[in-house]
Amino acid sequence: MGVKEGILALLVEGPKYGYQLKREFETATGEAWTLNVGQVYTTLGRLERDGLVEACGDEQKTHRITKAGIEEASLWMMHPVEPSAANRDEMSMKILLALTSSAADVDDVIGAQRSAAMKNLQDYQRLRTEAADDDLAWLVHLDRLTFQTEAQLRWLDRVESRIEQSGDLQERGAPEVSNRDPAIPSQVGGAHD
C-alpha cells in the first residue's frame, strides 16, 4: 500500500484538506504509519494531475475524489494482497548467512531473535491492556503485530528443528535429499537476485 491509495480511500468519504488527511490516515492505521503533511500535499498534487482527485473550496485547499479516483480506490481495496515468495527480510538473511558462513553461530542468532520477539510480545500485551476498548484501529494493529511475532517464533522453532534434523542426518552419513522443484528458484527470485 502506498500513501496514494490511503488518501483515495479517505477521500471516498468526502472532501478533505491535507492536514485532515494526514490525521485521518494516521488514525486509520492505528498510528502505525505517520505522514509528513508535505508528503500528503505532494501526493494530492500527483492525484490531481492523474485526474483521480480535484481541488475544491476557497478557504482551505480541499480535495475531493473524482469518479476515476473512486474506481481506483475500489480496485485497490478489492485486489487481494499476495504474499511474495521472494520476500527478503533481514531476519531471514541473517539466519541463512549464519547457516552458510562463520560470521556468527546460527544458534546465537536464533536465540537473539527469539529473545527480541518474546520482549515484543510482552510489549504488545502491555499496550493492549492500556488501549481504549473503542480504539479499533490500534487494537487491530496490535493483533497483527502479535500474530506476526507469534508466527516468527514458530518459524524460529522450525528452523531449529531443521538444523537438528540436518545434523542427525550428517552424523549418520545419510545423503542429502532435496525435494525442491528445480523450477522454483527462478519463480521466486532464485539465488542469483
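**Helix packing and the sheet**

Good morning. In this predicted model, the axes of helix α1 (residues 3-11) and helix α3 (residues 37-49) come within 10 Å and cross at roughly 80°. Helices are DSSP runs of H or I with at least four residues, strands are runs of E with at least two, and both are numbered from the N terminus. Axes are lines fitted to C-alpha atoms, for helices over the stretch in contact, with angles from 0 to 180 degrees between N-to-C directions. α1 and α3 are therefore roughly perpendicular, a term for angles of 65 to 115 degrees. Val3, Lys4, Ile7, Leu8 and Leu11 of α1 make the contact with Gln39, Val40, Thr43, Leu44 and Leu47 of α3, where contact means heavy atoms within 4.5 Å.

As to the numbering and the model, residues count from 1 along each chain as its sequence is written, and local features need pLDDT of at least 70. Side-chain atom pairs count only at pLDDT 80 or more, while totals for chains, interfaces and linings use all residues; side-chain values use heavy atoms, leaving out hydrogens and water.

Helix α2 (residues 18-28) also meets α3: their axes come within 9 Å and cross at roughly 110°. Gly18, Tyr19, Leu21 and Lys22 in α2 touch Val37, Val40, Tyr41 and Leu44 in α3.

I turn now to the sheet. Its 3 strands form an open, antiparallel arrangement in the order β1-β3-β2, and strands pair if DSSP finds at least two bridges between them. The edge strands are β1 (16-17) and β2 (53-56). Between β1 and β3 (residues 62-65) there are 2 bridges, and Tyr17 has Thr62 as its bridge partner in β3. α1 packs on this sheet, touching β1, β2 and β3.

Conventions
Angles under 35 degrees count as roughly parallel, over 145 as roughly antiparallel, 65 to 115 as roughly perpendicular and the rest as oblique.
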